[in-house]
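Here are my comments on the model, as numbered points. Please read them with the structure open.

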Amino acid sequence: MSDTRIGQFDGKPLVYDRSAPSHYGVGGVPTKPYINAEFAKQCEKCFAELFSFMDKHAGLVVESILTGGVSRAGMGTSLHHKNRAFDLDAFLFADGSNWVATTFPQRPQLYLGIEAILRRHFGTVLSYDYNAAHRDHFHFDNGTNVGFKQSAKSHVIFIQNVLTFVYQIPAGRDGVWGPETEREVTALRKQLEIGPFSTKSNWLEFLSTAAKAAFELEAGKVGDLEPLEPLVCECCGRPF
């Protein structure tokens, strides 16, 4: 499919914030990059859903999307070279505040709420804990299908972070799907009444549920969240 030039998503302008070191996360220059047309449709749908969630559950109204870019110069083989990848650095909000990708340690709930919605639309999402190269931006592309994969480090570290920072379930955050992570995820699924993540519809439902909970925590709506009751093993009666 052909490329098209896009300067906004869901009515929010794209701003290139890598034009100067001082611009990162706070401003920059308007940009209208070439984007693969099908990927652009996916981005439009994703950002529209994300902004609706953020407004409804966190009271945050996005005014601008700050990006590190879409395309790459040269004849490389990455999806950036094919205009099918997006680097998300930050959002500017209507109240004058902002969110920046580097603030995961300070604002994990907001970060994970954003990540959850990105994962509803894109199979590949690389984030702060994936590796050092992605601590200052989200990378997402449409090179893989949406769906949970136990073998994917980026998927597992997201799950472990959601357990830890959204549902307050202490979890190892190593990106490895082991017995402990499986036990904790199984217990959480039962509490949320969501089936196995191997079914795409269950995975999407979990992402929406986690995003809502994360944004409400960011907004300080702790009292609005239904507490999760401790689960016990049916065999021995011990808590999970």
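1. Ser 64 sits in strand E6, residues 62-69. In this predicted model, its relative accessible area is 12%. That is under the 20% cut-off, so Ser 64 counts as buried.

2. What does Ser 64 touch, leaving aside residues up to four places away in sequence? The partners are Pro 13, Val 15, Ala 90, Phe 91 and Leu 92.

3. Next, the helix packing. Two packed helices are described by the angle between their axes and the distance between the axes. For helix H1 (residues 37-58) and H2, the axes cross at roughly 145 degrees and come within 9 Å. The crossing of H1 past H2 is right-handed.

4. On the H1 side of this contact are Gln 42, Lys 45, Cys 46, Glu 49, Leu 50, Phe 53 and Met 54. H2 supplies Leu 110, Ile 114, Ile 117, Leu 118, Arg 120 and His 121. By class, the H1 contact with H2 holds 8 nonpolar, 3 charged and 2 polar residues.

5. Helix H2 (residues 108-121) also packs with helix H3 (residues 153-165). Their axes are 10 Å apart, at an angle of about 140 degrees. That angle makes H2 oblique to H3. Here the handedness is left: H2 passes H3 in a left-handed crossing.

6. Which residues of H2 meet H3? They are Pro 108, Gln 109, Leu 112, Glu 115, Ala 116 and Arg 119. Facing them in H3 are Ser 154, His 155, Phe 158, Asn 161, Val 162 and Phe 165. The contact of H2 with H3 divides into 6 nonpolar, 4 polar and 2 charged residues.

Conventions: Residues numbered from 1 in each chain as written. Predicted model: local features only at pLDDT ≥ 70, side-chain atom pairs only at ≥ 80, totals over all residues. Heavy atoms only, no water. Axes fitted to C-alpha atoms, helices over the stretch in contact; angles between N-to-C directions. Helix = DSSP H or I, 4+ residues; strand = E, 2+ residues; numbered from the N terminus. Parallel < 35°, antiparallel > 145°, perpendicular 65-115°, else oblique. Left-handed = near helix turned anticlockwise from the far one by under 90°. Contact = heavy atoms within 4.5 Å. Nonpolar A, V, L, I, M, F, W, Y, C, P; charged D, E, K, R; others polar. Buried < 20%, exposed > 50% of the residue type's maximum accessible area, 1.4 Å probe, protein only.
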